[in-house]
Amino acid sequence: MAEKLLDFTQPFDVGLLDATVAAFYGTGSKDERAAAERILRQLQEHPDTWTRVVTILQNSGNLNSKFYALQVLEGVIKYRWNALPMEQRDGIKNYISDLIVQLSSNESSFRHERLYVNKLNIILVQVLKHEWPARWPRFIPDLVSAAKSSETLCENCMVILKLLSEEVFDFSRGEMTQNKIKELKHSLNSEFQLIHELCQYVLSVSQRPELIRATLATLHAFLSWIPLGYIFESSLLETLLKLFPIVAYRNLALQCLTEVAVLSFGDFYDSQFIKLYTIFMAQLQIILPPGTHIPEAYGSGSDEDQAFIQNLALFFTSFYKSHIGVMEATAENQSVLLMGLDYLIGISYVDDTEVFKVCLDYWNSLVCDLFQSECNMETPATASPLGLQVGLGVTMGDGLGSQLSHRKQLYSGPLSKLRLLMISRMAKPEEVLIVEDENDSLSCLPEPSRLREGEMILRALLEAISSLGDMDKEIAMLKKLNKQLNGEEWAWNNLNTLCWAIGSISGSMVEDQENRFLVTVIRDLLNLCEITKGKDNKAVIASNIMYVVGQYPRFLRAHWKFLKTVVIKLFEFMHETHPGVQDMACDTFLKIVQKCRRKFVILQVGETEPFVCELLKGLPTTILDLESHQIHTFYEAVGFMIQAEGDLQRRDEYLQKLMELPNQRWAEIIGQARQSVDYLKTQDIIKAVLNILQTNTSVASSLGQAFLSQISLIYLDMLNVYRMYSELISSSIADGGPYASRTAYVKLLRSVKRETLKLVETFVDKAEDTELIAKQFVPAMMDPILGDYARNVSDARESEVLSLFATIINNFESDLCRLKVAMIEDVPRIFEAVFACTLEMITKNFEDYPEHRLKFFSLLRAIASHCFRALFTLSSQQLKLVMDSIIWAFRHTERNVAETGLNLLLEMLTNFQASEFCNQFHQTYFLTIEQEIFAVLTDTFHKPGFKLHVLILQHLFCLVDSGALTQPLWDVSALGAAAYPSNMNFVRDYTIKLLGSSFPNMTPLEVTTFVNGLFETRNDLGAFKNQLRDFLIQSKEFSAQDNKDLYAEEAAAQREAERRRMLTIPGLIAPSELQDEMVDT
């Protein structure tokens, strides 16, 4: 029955549509809903359905049917508007306008059908984006005139104006072309006087709360862009401040004032901002008296009350970021400024992550500003890499307060309170594994939801400490620690946040101060551990001791006895079986060794031998209670120690001693296997082999080239085990089918294969002697690893083989490396072994073998980057296979695969342009590449690749007239050699035809203008990119979606600039993010 809706030769049956929509939203059977959905989808996709919209809106009694009709109409307006005849466009425009006026002029219909009216408003704004101002110049005057005829109509007019402002100023990027955005912004600015007068009239005359709220909401949308005269040279601010104390309008008025507070245009309106802030603070003291416990008020308040606190945080932070300098000028202004900062500190204690982030962002900004101004006051003689700390250390004896700058004195009170806030809110660092869970018991699980917040707090605290006298900071923290000792504030969370704060300020003090401070802290923590009863309590204290000492490598390097004591204490913790303690002890040991490695291999004063000797003697006892993964971490740490030993013979002796236990076990296993290969097939032995290989990988990762003697000892036997296990896997899968690959036994065998590959790859990656690798290691692995990959069934092929050979090829990067020639000769063999069989695995769909996909293209990229000439040795069929695989890669919906394919293509294009095969390659692939890149460029799934799409297209468009191409790109046999005057003319013509046929909704003139624009801007990347952005909007491929990926490059540049700024301030980047800054060399 519902099929009749698709017959456009018959009158439209609105009742049948209502029944179909009701069936779709109803509670009928699954089949009924599916049938209704199919009909509605087909009807929506029909090009003439929009002609039935008016009939549906006039005759339907079902609100969902009306929304369905408006959805159809919205699609037409967005994507086909300019293709409609003028009379049809005018008809739609007038009908929607009249319907809105009709519904919103009547109080009853306006309230009853509010959702329907809102949808109509959205439709009208979509029309305006096409029609106004050129084809609808009277829209704003007509709207303002209509608004004065009825208060409900006026309320809806405010909603329309708000939507229009948001579309133009907030959501226009990626939705409209840049010229259109400029046109609409200019029109709104030029006609704003009428809107301003209407808003002022409503706020001064109307007594209707709904209308006043709608007007304030509209003003809020306007205030960020309107000419400043409308704000500061009218009574608007006065009106907003009068409305602020009224509960019904408080939050909207505060949002408007916040928009004003953000504005900053020189000092012309400074007096107005001072007046605004002063009046505001006077009113705030009545609404929220000083001394109010804001977190408590927030917790017990209504939604409106909580929104008020949130808006208050936004107002203060916005005002201070732009105008705090003005408020610092006089004593009178300073007092009201400090009062506001006290309010903001109170708000910072509110238990709401978003509120806290807003406040924290401002404290970050304030302390940065104070630090920079302090640095600017220093003379070159006293300035240092640690900034103002050196100056403070010098003058501390003369009285810190008298030496502080005026600004520092002004903010000393708020910043002291801020320090206590930061300590109390300090979040868990990533290094800490032991935490209190929601059941008030200890857990060794991470807290991912707070990690990001923790990073922000860490930065803010470091900045605050950097900008204040260190003595003040020490006293505050030691006082809190003393309260832990005497039991006054003893609690897991209190101790944790305090110790995390202590750890986070590493590097922000001068060295002598840091030494005194840290000795006191560690002494107090050890005393606390002694006097505290209970295993859980001791575990918490132990985790905090480990975290704190791990954060102060400078102190540890300068004090050997303390460093040795800390390490011995960590060894004790390695025998503590409480959850998390052993993990954290091993991680802290690794972290300390990385920063202090040299100290363990030199003979220290008062010692008879280097500490590493003592450690290696007691190694079996130290690791006795550790689990396998903890032992691997321990071995990695000792590897870093041994790597710091300069004497090669001694280093080999240390390595031999370190690997004694795993080597004994390995020799025992291999010896038994030589007698009976079945010995290797038992699960316990397979696990033992895996553990030995993992231990070797851990040491190789930290030791690098020095691991050579150890890997040489086990290499050939390891490859034999690899081959044997591979054959065992293949036979298991052959006998048991695909499901055999998922059995625990086969998974264990594959783990050994993967670890073998990981060990070899780790060593190759870290090794410095590439000649040795090429001669001794690569030939031996060709058949056991590469040949095995080719022979195996798909489910038994390890993706790590691909990444191993990519690493090998990447290591021969230098063009001067004579071994590179040998690797180029090996490329066809690698190609033959992995290419066809891997492509067969990964091109069946976009889901299977995800690890093989990325690693395969990484291998191909390594070949193209470092052994490019090896591609010349491939046959034309093989090269076509390479190009097809690259195209398949950048079509992939997995972002990493697509990005790897695009980068690979760009490198190949660059290399082929400079080669003797430039003409031959581009005659074969130029047009295919251009067509495929335009295909993914206009595919919404591939927006993240926009930057690389642009670079590839720019390369192609620059290539055609660069002189590198000397042969025609068109088919000479079909068109003749003189068909086009140049390749540029041919590519221009081809691109116009390609896009014209792909986007019939665009006019030939639009397509031609776009293609000409690409050629005109091809040498200017920014302009070229903007041409493509405008095209994506005109073609409607990316309309009404999240388009941030089109601007990802600009966003990344902003983030990098912010990081560079942070690096100028000591302590602002966490120690863990500065891996090389404090390494012991």
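These are my notebook entries on a predicted model of one protein.

**Ground rules**

I number residues from 1 along each chain as its sequence is written. For this predicted model, local features need pLDDT of at least 70, side-chain atom pairs count only at pLDDT 80 or more, and totals for chains, interfaces and linings use all residues, while side-chain values use heavy atoms, with hydrogens and water left out.

**Confidence**

I looked up pLDDT, the predictor's confidence in each residue, from 0 to 100. The protein averages 84, and 86% of the residues score at least 70. Residues 814–819 fall below 50; this stretch has nine contacts in the model beyond near neighbours in sequence. A contact here means heavy atoms within 4.5 Å. Residues 1037–1047 also stay under 50, and the model gives them 37 contacts beyond four places in sequence.

**Overall make-up**

I found 52 helices and two strands. These are DSSP runs, numbered from the N terminus: helices are H or I with at least four residues, strands are E with at least two. Of the 1081 residues, 53% count as buried. My classes follow relative accessible area with a 1.4 Å probe, protein chains only: buried is under 20%, exposed is over 50%, and partly exposed is in between. The protein exposes about 47,200 Å², of which carbon and sulfur atoms supply 52%. That area comes from the Shrake-Rupley method with a 1.4 Å probe. I also checked the contacts between residues at least 6 apart in sequence; 73% of them join residues at least 24 apart.

**Helix α12**

I checked the length of α12, residues 209–222. The expected span is 1.5 Å times one less than the number of residues. For its 14 residues that gives 20 Å, and the end C-alpha atoms are 20 Å apart, so the two agree. How many of its residues are buried? I count 10 of the 14, so α12 is mostly covered. The buried ones include L211, I212, L216, L219 and F222. Their cover includes α9 (151–170), α11 (192–205), α14 (236–243) and α15 (250–262).

**Cysteines**

I searched the whole structure for disulfides, meaning pairs of cysteine sulfur atoms within 2.5 Å. The search finds zero. For C256, the nearest cysteine sulfur is that of C199, 9.4 Å away. C256 counts as buried because its relative accessibility is 0%. C837 counts as buried too, at 12%.

Which residues does a cis peptide bond join? I find it between W132 and P133, with omega about 5°. P133 sits in the loop between α7 (114–131) and α8 (139–147). Y849 is not a glycine, yet it has a positive phi of about 50°. Y849 belongs to the loop between α42 (819–842) and α43 (850–866). At 24% relative accessibility, Y849 counts as partly exposed.

**W560**

I placed W560 in helix α30, residues 560–573. Is W560 buried or exposed? W560 is buried, because its relative accessible area is 10%. Leaving aside neighbours within four places in sequence, W560 touches K599, F600, Q604, E607 and F611. The side chains of W560 and E607 make a polar contact of 3.2 Å. I take a polar contact as a pair of N or O atoms within 3.5 Å; within protein, one must be able to donate a hydrogen and the other to accept it, and residues adjacent in sequence count only if both atoms are side-chain atoms. C596 is 36 residues from W560 in sequence, and their C-alpha atoms are 9.9 Å apart.
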